[in-house]
Amino acid sequence: MTAVAVLAGLAVFLLAPLAVAAVRQRTLVAMAVRNIRRRPAEAVLVVAGALLGTAIITSAFVVGDVIEGSFADVARTRYGPVDITLTPAEGADLDEVTAAVEAAQIDAIDGLLAATAATATLEAPQRDAAVPQASVVEFDLAAARDFGSDPRITGVADLRVLATDGIIVNERTAGRLGVQAGDTLRLHAYDSNVDLEVSHVVAEVGLAGYGGAIVAPGTLAALAEQAAVVATPPRDQLLVSLDGGVFDTRELSDAAVADLRAAAADLPGVEVEAPKARVLDDAQAEGAGLTEVFSTIGSFSVLAGILLLVNLFVMLAEERKTELGMLRAVGFTRRRLTRAFAIEAAVYAMAAAAAGAVVGIGIGWLVAVVAGPIFGAADQGSGYPLVIEPASLAIGASTGLVISLVTIWATSLRIARLNIIRAIRDLPEPKVARVRTRTLVLGAVGTLVGAAAGFAGYLGDNAIALCLGVPLAAFSAAPLLRRLLPERTARLLTAGTVLTWGWQCTRCSVTSWAPRT
Amino acid sequence: MYRNAEASGSPMSSNDVGRMTRLAGTPSREPLLSARGVTKTYRTGTHEVAALRGVDLDVRAGELVMVMGPSGNGKTTLLNCLSGLDDIDAGTVTVDGDDLFAMSDADRTRHRAERMGFVFQAFNLIPVLSAAENVELPLLVTGVAPKLAREQAREMLSRVGLVDRADHRPGELSGGEQQRVTVARALVAEPALVWADEPTGALDSHTAGEIVELLHEVHAAGQTLVVVTHDEALGRSGQRLVQVRDGLVVGDGDPMVDELLVAAVAVTS
Ligand SMILES: Nc1ncnc2c1ncn2[C@@H]1O[C@H](COP(=O)(O)OP(=O)(O)OP(=O)(O)O)[C@@H](O)[C@H]1O
Ligand SMILES: [Mg+2]
């Protein structure tokens, strides 16, 4: 959010002088608007070119958001209200744990649910199908409905009763077994089995996802009792729901875990875990990682986009050169001319930022869908929700806008230096054989900043700073090199360095993710 | 003058009165423009063209100065350099007591906006602005309130006979009409000095005649003008003719006297 604030501040800083000029000098606005309307096709082209940067930046964020959303959706499908689990040691009494937790009166907790979980094999005899290692849970349905503050996220809100010989399966399990309500399922556990009737097939949400199947309380214990040797008996668990719904409990989680550990400290071997927080944290890390990968790759396209932008605005200025020269002759100072041109360009820039954000959403989502499976987001079942984080759009649009505005200012300051007579006669500016001192100074500063950014990026493990610092240093060094080397050699050297570096960065950022596939 | 013309029902006459009192009918002693040793060399790659090679020239308020000479001898360059539109390599140009090239670019621009008007061969109007909007530009850049600027622009357009075309864009006007708009734009801020480079060069002879007439009218009303032209008739119609050859001023005086001189030289040699 601070990034957005800084970027928005920069954009305002760059736009303010234009806004002031526009308000005070209506003619400048009239000229800008009419110039834009005069050539609609060209206007569309300029906006299309200028939105490139915004679209790439936005899409990098959207990829992250979509992938994060895809991973985080597990919190909804497999946990719902379940934030924390307390698992006492084998044979310990769950009621004691419950009593200890209740006595601790932890504010953040809005629900407790006693459950029993086991790993079992589900077989559908008629279909000749089986799911080994299925997670099967038991809990009281009536209590489950009231678990947490929002029945809808429990996934079992509509279920009334479950007969002792009944079983509820979620859609994923039902799909793997090919069963539907009314079919018989055989539950194998502890060298024993029991036939149960599928009473409901429900969506994989909340508690109905925490277990692939839900059976009536006592079912697992009955099986275990028949067995001679029980390797891993059913585990009793106390499920804890924290204040809030599915995704908004993350902040409470760490403190609640600490409180619960303290509450259960006197009871032997109680494991306190926060599986949902882990899911959300992993999702966020995945998303952020992907955003970084794609913005690293994208940053080179953004560099290309900036060059395109410069060319577009220089082209616009070339087209109006005679006019711009005439305005100077009529008494427009360089400052006023800068504003006149920049107002028009800023209209394009703002349109491009808005359009670029929208295009970026589309690109980002497509990239996520295509690249998601590579990065392991394929098995999420929930697919790729089109997550649109306002913050991502704001960052994408404001970064794009700031890049455009800086480019516009640089271009128009340069344009305003035109020689009036040459402009009016539409003569080309003569080539400056000698590198200007100012260019040298700027080049030196750019080289230093680029090198510093690159070095800081290397030390701080920030791929974007590292990847962008080097080309910035290389480009900035070009005018310095031209003093020492023939111009051609200097250019080749600069371009070669940047291209090689870009290729290496792209390769590295992709391969650094390869082990996760 | 126009800028305080709100009370006057007839700005045209108030304008004339203003000029008459300032000029008292005849050119004043102090030169309005004074150029000394101005040189200008164009450098394109390896080529160098010495377009001005030490030009001295004075223009007094109220004068109509015609500049003539063979093509490529530096007339346009002279106009561009003495008006401060282009840079010079050496020399000084003083206008209204201010050294043009000792000022910052911003000051020179303001100076130009307040004291000079331009008419070029190629009209050079802003295509997206209407005639009135084009004419009011010099007023707006000097800080005249938009409403007043529009009024004055319309008055000036009516003076050049184009008030009914005030809202037309340049593309909708004929060449002669466009040039009249340019003249209106050059005059609207009541500049001390108007520069015109071949103002009739792109017009047919009839339309050109109208523009010549307009320029004479403007001069008669007290305006100082420097006009570069190839048109013999226009060139000889002024009271002063400056001859430029090879980057130097080679003749300066009354065209009638000049002609007599040329004749005399022809007779003696
Ligand atoms: N921008 C320029 N670059 C290089 N040389 C130039 C440039 N402008 C003018 N010249 C050269 O300077 C000389 C003077 O040109 P200038 O335009 O002042 O002549 P002129 O007397 O106005 O000619 P014309 O009557 O044809 O308009 C010419 O030799 C011309 O080729
Ligand atoms: Mg010329």
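## A strand pair in chain B

Arg36(B) is partly exposed, with a relative accessibility of 37%. In this predicted model, its side chain meets that of Asp58(B) in a salt bridge, 3.0 Å from N to O. Arg36(B) belongs to strand β1 (residues 31–44) and Asp58(B) to strand β2 (residues 47–60), so the bridge ties together parts of chain B that lie 22 residues apart in sequence.

## A helix pair in chain B

A second bridge in chain B joins Arg180(B) to Glu210(B), with the closest N and O atoms 4.0 Å apart. Here the partners sit in helices: Arg180(B) in α6 (residues 175–188), Glu210(B) in α7 (residues 205–220). The pair therefore ties together parts 30 residues apart in sequence. Glu210(B) is partly exposed, at 34% relative accessible area.

## Chain B as a whole

Chain B holds nine helices and ten strands. Of its 269 residues, 54% are buried. Its accessible surface is about 11400 Å², and carbon and sulfur atoms account for 53% of that.

Sequence separation in the contacts can also be stated. Take the contacts in chain B between residues at least 6 apart in sequence: 67% of them join residues at least 24 apart.

## The interface between chains A and B

Chain A brings 22 residues to the contact and chain B brings 26. The area buried between the two chains is about 2200 Å². Carbon and sulfur atoms give 62% of it. On the chain A side, Arg34(A), Met326(A) and Val330(A) lose the most area to chain B. Together they make up 25% of what that side buries.

Polar links cross the interface too. Nine residue pairs are in polar contact between chain A and chain B, both residues at pLDDT 80 or more. Four helices of chain A each supply at least two residues to the side that touches chain B: α2 (26–38), α11 (321–330), α12 (334–371) and α14 (420–424). Helix α11(A) gives the most, with seven residues. By type, the chain A side divides into nine nonpolar, six polar and seven charged residues.

## Salt bridges across and within chains

Side chains of opposite charge can pair when their charged atoms come close. The count over all chains is 31 salt bridges. Three salt bridges lie across the interface of chain A and chain B. In one salt bridge, Glu133(B) meets Arg34(A) at 2.6 Å, N to O. Arg34(A) is also among the residues of chain A that lose the most area to chain B.

Arg186(A) pairs with Asp195(A), the closest N and O atoms being 2.7 Å apart. Arg186(A) is partly exposed at 26% relative accessible area. Asp195(A) is partly exposed too, at 39%. Elsewhere, Arg39(A), Glu319(A), Arg320(A) and Glu344(A) are linked in a salt-bridge network.

## Trp365 in chain A

Trp365(A) lies in helix α12 of chain A. At 31% relative accessibility, Trp365(A) counts as partly exposed, because the class runs between 20% and 50%.

Setting aside neighbours within four places in sequence, Trp365(A) contacts Val62(A), Val66(A), Tyr384(A), Pro385(A) and Leu386(A). Tyr384(A) is 19 residues away from Trp365(A) in sequence, with a C-alpha to C-alpha distance of 7.9 Å.

How values were computed. Residues numbered from 1 in each chain as written. Chains lettered and ligands numbered in written order. Predicted model: local features only at pLDDT ≥ 70, side-chain atom pairs only at ≥ 80, totals over all residues. Heavy atoms only, no water. Contact = heavy atoms within 4.5 Å. Buried area = accessible area lost by both parts, 1.4 Å probe. Polar contact = N/O pair within 3.5 Å; in protein donor to acceptor, adjacent residues only side chain to side chain. Nonpolar A, V, L, I, M, F, W, Y, C, P; charged D, E, K, R; others polar. Buried < 20%, exposed > 50% of the residue type's maximum accessible area, 1.4 Å probe, protein only. Areas by Shrake-Rupley, 256 points an atom, 1.4 Å probe, with all protein chains shown as cover.
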